[in-house]
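Please read the points below alongside the model, which is a predicted one.

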Amino acid sequence: MPIETSEWIWYNSRWVKWEEATVHVTAHALHYGSSVFEGVRAYEGDEGPRIFRLDRHLERFLDSSKLLRFDMGEHTMERLTQLCIDLVARNRHKSCYIRPIAFRGEESMGLYPLDCPVEVVLFSFPWGPYLGDEAIEDGVDVQVSSWRRFAPGTGAPLGKIGGQYVTNQFVSIEARQNGYAEGIMLDSFGFVSEGAGENVFVVKRGEITTPPISASILSGVTRDSVIILARDLGIPVHFENVTREMLYLSDELFMTGTAAEVSPVRSVDQIPIGEGTRGPITKRLQEEFFNIVEGTIPDRHGWLTCVPQIQSVAVQD
Ligand code: PMP
């Protein structure tokens, strides 16, 4: 689906129009994947959009940039927070997806990156449910991918680093070509790791198990949120290795991600999960999640950052 453009982009320390935010072909990141990025959602609220867990996303953004030895300059946690709020306000979104990205630009052609300048960009656009509207209620059909998540020491899974997403693209292409909505990667030991863009949760006998950080996962913000919500509801959560057959034999299975939100899985490798429809614990957690982000119940964990609505913006400042 083509991206729906918005008006303003934060680009190298100034606000520019969408069309102006371009990159030269010699940019280091284009050749070697030296970029870090985030995906953040802002949900519609009565008094304007509200950004979900902005602090956690920006913390991970800065952590990822640390791994690539980026000098983020003026882009501190405080500055990035304000810029994201300004971005959503300027673009007059009701709800949107925010994509902060930092990358190495043009300077030299060699692999060694540290001479290349770091460029920091923030843009936003409207984006509906990632796995489709029906996915949230009906669930999706997934496969176990033939591609593995990196072995320890062969990547930095906790970093959301552009170059690392090549494997995830293989997973995504394979899944789509085989007629599945998504693929789940095993780790190098054969335990379940995560989806191409989602964390995985197994429900068995009323208890939840999710792969630990040591299974080469990205530490998802939605994962963390769902764990907190499950505990609020008195549902036990375990961080343990998940084997492939635990997926097939689970009562319920769901995936979490900023884009995918909380999506039930109804089959894996054509084996129906539970009744083959969304299970009660998944439904309960979805309700809790959506009630909070949509403002139907109080934001009891302080996860939402309100964006004040603005009437007009200066062309440059
Ligand atoms: N794993 C991977 C590989 C991802 O790209 C994402 C999306 N950021 C996730 C998990 C879910 O993370 P989050 O809930 O923070 O979006």
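**Notes on the predicted model**

1. The shell around the ligand is made up of 17 residues, and of these Tyr-165, Glu-194, Val-221, Thr-222 and Thr-258 come nearest. Seen by secondary structure, at least two residues of this shell are supplied by each of helix 2 (54–67), helix 5, helix 6 (221–232) and strand 14 (252–257).

2. A polar side-chain atom of Arg-60 is placed 2.9 Å from an oxygen atom of the ligand, while for Lys-160 a polar side-chain atom lies 2.9 Å from a nitrogen atom of the ligand. From the backbone, a polar atom of Val-221 is 2.7 Å from an oxygen atom of the ligand. Taken on its own, the ligand has 380 Å² of accessible area, of which the protein covers 95%.

3. Helix 2, which supplies at least two residues of the ligand shell, also holds His-57. His-57 counts as buried, because its relative accessibility is 1% and the cut-off for a buried residue is under 20%. The side chain of His-57 reaches the backbone oxygen of Gly-39, with a distance of 3.2 Å between them.

4. How many disulfides does a search of the whole structure find? The search returns zero. For Cys-96, the closest cysteine sulfur belongs to Cys-84 and lies 9.4 Å from the sulfur of Cys-96, which is too far for a bond, because a disulfide needs the two sulfur atoms within 2.5 Å. Cys-96 is buried, with a relative accessible area of 2%, and Cys-116 is likewise buried, with a relative accessible area of 3%.

5. Is Val-166 buried, exposed or partly exposed? Val-166 is partly exposed, because its relative accessible area is 38%, and this value also meets the requirement of over 30% that applies to residues of a patch.

Definitions and conventions. Residues numbered from 1 in each chain as written. Predicted model: local features only at pLDDT ≥ 70, side-chain atom pairs only at ≥ 80, totals over all residues. Heavy atoms only, no water. Buried < 20%, exposed > 50% of the residue type's maximum accessible area, 1.4 Å probe, protein only. Near = heavy atom within 4 Å. Polar contact = N/O pair within 3.5 Å; in protein donor to acceptor, adjacent residues only side chain to side chain. Areas by Shrake-Rupley, 256 points an atom, 1.4 Å probe, with all protein chains shown as cover. Helix = DSSP H or I, 4+ residues; strand = E, 2+ residues; numbered from the N terminus.
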